[in-house]
Amino acid sequence: MVRPTRLRLGPTGSKVSANQAVLARKYGLKNTVSNYRSILTYSETGHTDYSELIDEYEKAWDKASVKAGRMLADNLQDETARAGLSLAGWNPKHSDMRRQAVEWWKWGSFSHLEKSPNSGQKLTSDVDWETALSPEVSSLIFGAAGDNLTFNQFSGEDSLVVDPRGFRHIIEEESKTFLKANDPRLLLKTSVTHVTYSDGGVTIHNSDGSCVSAAYAICTFSLGVLQNNAVSFSPQLPEWKRRAISKFSIGTYTKIFMQFNETFWPETTQFFLYASPTKRGYYPLWQSLSAEGFLPGSNIIFATVVEDESYRVEQQTDEQTKQEMTGVLRQMFPDVAVPEPTAFMYPRWTKIPWAYGSYSNWPIGTTLEMHQNLRANAGRLWFAGEATSSEYFGFLHGAWFEGMEAGSQIAALLKGQCAHIYNGTQCGERPHYETLHGTSPLEHYNVSNGWAASSFYSSSG
């Protein structure tokens, strides 16, 4: 059986994952596996080998991960990733910019969880790097557990889409299985402004004055849209729902693309890690698309920034950002006459009205009950999307599974078959919690609360 690959997603998503890998094969979407071991390290003086710090980090994370697994299993209070790493021996000084760069790279997509024969439940480190929140504000337990399920249930690989048709090709082809050409049921470029809901149904009001009424509706607005009150609801969403929306974090993740008239960086290397001498997260990660299997001859390289740096560069002009990035490249490659780019672009997710960010994250202090209130329905108004996925928040397959689950429940309600959805568990609504507790006992990690798989899923069993 071919092992599917995974996707860390938000609106920036450009990687194939899980079910999406199957669909990519089905529709011939070209993609290439990213090799995170193909990396060179740099400082302001050029190529500087501090790769041994990566091993140092991994040893500390190995210790912290053991405790994280026990915390989940024993229903202990959560802590920040920073606390866990510090207690395990990794606590880089603010002035140690090389360790800061390594941590930026390694903390990234948290880590994944598996059984350790010697030390119980263990969260083991991975080499991914995609995150929108720093260790100081991120949940150690839930970030790691969610990433565990993605890696061990599916695969430890990432595949970057290099098909000129883009990732949207999958969606377009899938839509053809149930939509006709120019199907009036599909409303594109239509802005929703208001939603009314009651025991009798749901009505969606659009900015052009049109509306759509239905017995049920699934709300897939991003967490950013909900937090910015970009759409109003009548009646107002319940207090438990509004509290849940406000408690979660929306991360920002920005890829910035540059194209040159030549490839002046090592063509056989995929990733380049840069340690700024003054600022953590200042254009730290660069990825080459000139490498074999990607877009050879394209002379394209792109940088990734997250969190505060994303907010900062998204407020700048293209020219300001371009000059900053060119300056970094000239530090990284001092022996090369780095030219001006011939093409340059990046999205500004924090400013897009239908996004207001890239993807959700669970902050420190999150409980499963708190998240369940985010995904629970308000009468006939249901909610889905990556943010409502307990197991795969922040990933495209989280949105995929949540959409299927909500759609299946509503279809069963309409057909009078609801009792079969949860194998005897009451359906027709997702449970919510009027009173939140400090932690969630392990027995709450069940299908009724959106946690259908074991938190201690192992790739070997």
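In which sense do strands β3 and β4 pair, and over how many bridges? The two run antiparallel, with two bridges between β3 (residues 39–43) and β4. Keep in mind that this is a predicted model.

**The seven-stranded sheet**
- The sheet is open and mixed, and its seven strands come in the order β4-β3-β15-β16-β17-β14-β18.
- At the edges sit β4 (46–47) and β18 (343–345), each of which pairs on one side only.

- Helix α4 (residues 97–107) lies across β3, β15 (271–274), β16 (285–288) and β17 (300–306), and it runs at about 135° to β15.
- Helix α9 (residues 307–315) packs on the sheet too, touching β14 (253–259) and β17, with its direction at about 115° to that of β17.

**The β8–β9 hairpin and β12**
- β8 and β9 make a hairpin with two residues between them.
- Six bridges join β8 (residues 192–198) to β9 (residues 201–206) in the antiparallel sense.
- β8 also pairs with β12 (residues 232–234), this time in the parallel sense over three bridges.
- Thr196 takes part in both pairings: its bridge partner in β9 is Thr203, and it stands opposite Ser234 in β12.

**Ser390**
- Ser390 is in the loop between β20 (381–383) and α12 (396–415).
- The Ser390 side chain reaches the backbone oxygen of Asn449 at 3.3 Å.
- Beyond its neighbours within four places in sequence, Ser390 has contacts that include Trp362, His371, Arg375 and Trp451.

Note on methods: Residues are numbered from 1 along each chain as its sequence is written. This is a predicted model: local features need pLDDT of at least 70, side-chain atom pairs count only at pLDDT 80 or more; totals for chains, interfaces and linings use all residues. Side-chain values use heavy atoms; hydrogens and water are left out. Helices (H or I, at least four residues) and strands (E, at least two) are DSSP runs, numbered from the N terminus. A polar contact is a pair of N or O atoms within 3.5 Å; within protein, one must be able to donate a hydrogen and the other to accept it, and residues adjacent in sequence count only if both atoms are side-chain atoms. Contact means heavy atoms within 4.5 Å. Two strands pair if DSSP finds at least two bridges between them. Axes are lines fitted to C-alpha atoms, for helices over the stretch in contact, and angles run from 0 to 180 degrees between N-to-C directions.
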